[in-house]
Amino acid sequence: MKVLLLNPPSPEQLGSPLLGLQYVAASLLARGCEVRVIDAAARHFPYDSEWIAKEAESFAPRIIGVSLFTRWIWHAYGLVERLKKGSWLLVSGGAHATIRPEETLNHGFAVALTGEAEHGLTRVVDWLEGKDDVALIPGSVFRQSNGGIGYGPPSQFVERLDDLPPPYLAQSLFDPRWYDLSGRETAPGGILTSRGCPARCTFCANSVTGRSFRYRSAESVIDEINAWHEQCDLSYFPCWDDALTANPVRLMQLCGAIERDVRFPFSFGAITRANMVTPDLLRTMRRAGLIHVNFGVESGDDGILKAIKKGLRTDHVVRALEWAKEEGLATACNFMLGFPQETPVELERTLRFMERIAPMVDAFSTMGVVVPFPGTPIYDEYHFLHGFTNWWLRPEYSRYSPPPPAEDSDRFYRYYIDDANLELDFFHYSPETKPWIRECLRFKAEHNLKRMGLLPAVGVR
């Protein structure tokens, strides 16, 4: 069976394939499908929606599977308008389909797969071959013959991650010229050793991979690392795990296996929480190749951290940064600005905290103004009050301006210190609050630009 996987056009373009899309493609290949991928969100993808529609007609797939992300769903639905009259079965998946499956059906899809899609989409193939029933597929939401909406059993998370076909099997489906004009092989640039995050932050839905922490065996991870290196000559791997350090015993065992069995000079980066590391764990990770650690901080005010259920305090952040620097690691800190509970008082505390930790931070996250995504407590609590219900369906929330070239230092500076999401004004910030958000944005950006040697004299106040 022919299956076309489509990552729809996005103003925020990608420099490498999506790892999740490769997992789905690999599962279909292992099922015996003929698979084609069109990544219209790639940085150098040269075609428009009309070309995509013609390519779909030429390939004539039985299924078109589309990855949907809330931030740019308005653009995706525009493409689906061109595709929904075809003879194929339109299937939606990804974060937005998981949170708003009925909405995707109302915009032309026949089936939505909620949660992790590797098993669900292969079972859709079985259904079309007469070997399964869509109403029995966990996580399926589908258009019935009478026009109503049907529901399969609740979605199920993949418990045996080792059983998933490895993503590198699908690498050849992604045209390298979409990501690098030279045609150089471009891999996803990362690896997942686990799925799920037990945290319950109010700004995060985490509905696709869930709260249950599941992890791969060390042997499975090592095999993938070595295979990516042999196939694409990768030596540095960002770990995209949401909660890499959630099980420290398991992680230490994985680090030992990396030291023993990886067949090349291996290095990696990690994202984690400041209260989920210890000196021993960071030391073990550094010996295995860790060179960069990114801490999700979000706020420099302990009251805000409690309000957003972050589960840590600012003293945890200071301690973790000190430990990381003692191990010689590069560090980054993510901050979010403009929580609805924030006033100038809390934002000033965040600014002072950033100033305090700046000597231990190599990079701060850029931008970071809070966007209330559907499925999060922060959306559910505030969308009616502030009038942003279903904001993703409005074109004014779907605009994006690409950054100017770094060589144009003045324009690049002005772009880099700003965040267009502030102008969307989701939470109707007071005239006193907005300047403090901008001041925090400016501080983060100027810290980074100075480290990169790109801070123009005109930008220094």
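Predicted model: local features only at pLDDT ≥ 70, side-chain atom pairs only at ≥ 80, totals over all residues.
Reader: Why is the pair Glu129 and Arg31 called a salt bridge?

Author: The closest N and O atoms of Glu129 and Arg31 are 2.6 Å apart. The cut-off is within 4 Å, so the pair qualifies.

Reader: What makes this pair tie together parts that are 98 residues apart in sequence?

Author: Arg31 belongs to helix H1 (residues 19-31), whereas Glu129 sits in the loop between helix H6 (118-128) and strand E6 (140-143), so the contact joins parts 98 residues apart in sequence.

Reader: Which residues are linked with Glu129 and Arg31 in a network of salt bridges?

Author: Asp126 and Lys131 are linked with them in that network. By the same rule, the count of salt bridges comes to 33.

Reader: Why is Glu129 called partly exposed?

Author: Its relative accessibility is 34%. Buried requires under 20% and exposed over 50%, so Glu129 falls in between.

Reader: And why is Arg31 called partly exposed?

Author: Arg31 has a relative accessible area of 25%. That value also lies between the cut-offs of 20% and 50%, so the term is partly exposed.

Reader: How do you know that Arg214 forms a salt bridge with Glu116?

Author: Their closest N and O atoms are 3.1 Å apart. This is within 4 Å, so the pair is counted as a salt bridge. Arg214 lies in strand E9 (residues 214-215) and Glu116 in the loop between strand E5 (111-113) and H6, so this pair ties together parts that are 98 residues apart in sequence.

Reader: Are Arg214 and Glu116 buried or exposed?

Author: Both Arg214 and Glu116 are buried, so each has under 20% relative accessible area.

Reader: Why are E10 and E14 called edge strands?

Author: The open sheet has 5 strands in the order E10-E11-E12-E13-E14, with parallel pairing. Strand E10 (236-238) and strand E14 (363-364) each pair on one side only.

Conventions:
Residues numbered from 1 in each chain as written. Heavy atoms only, no water. Pairing = 2+ DSSP bridges. Helix = DSSP H or I, 4+ residues; strand = E, 2+ residues; numbered from the N terminus. Salt bridge = Lys/Arg side-chain N within 4 Å of Asp/Glu carboxyl O. Buried < 20%, exposed > 50% of the residue type's maximum accessible area, 1.4 Å probe, protein only.
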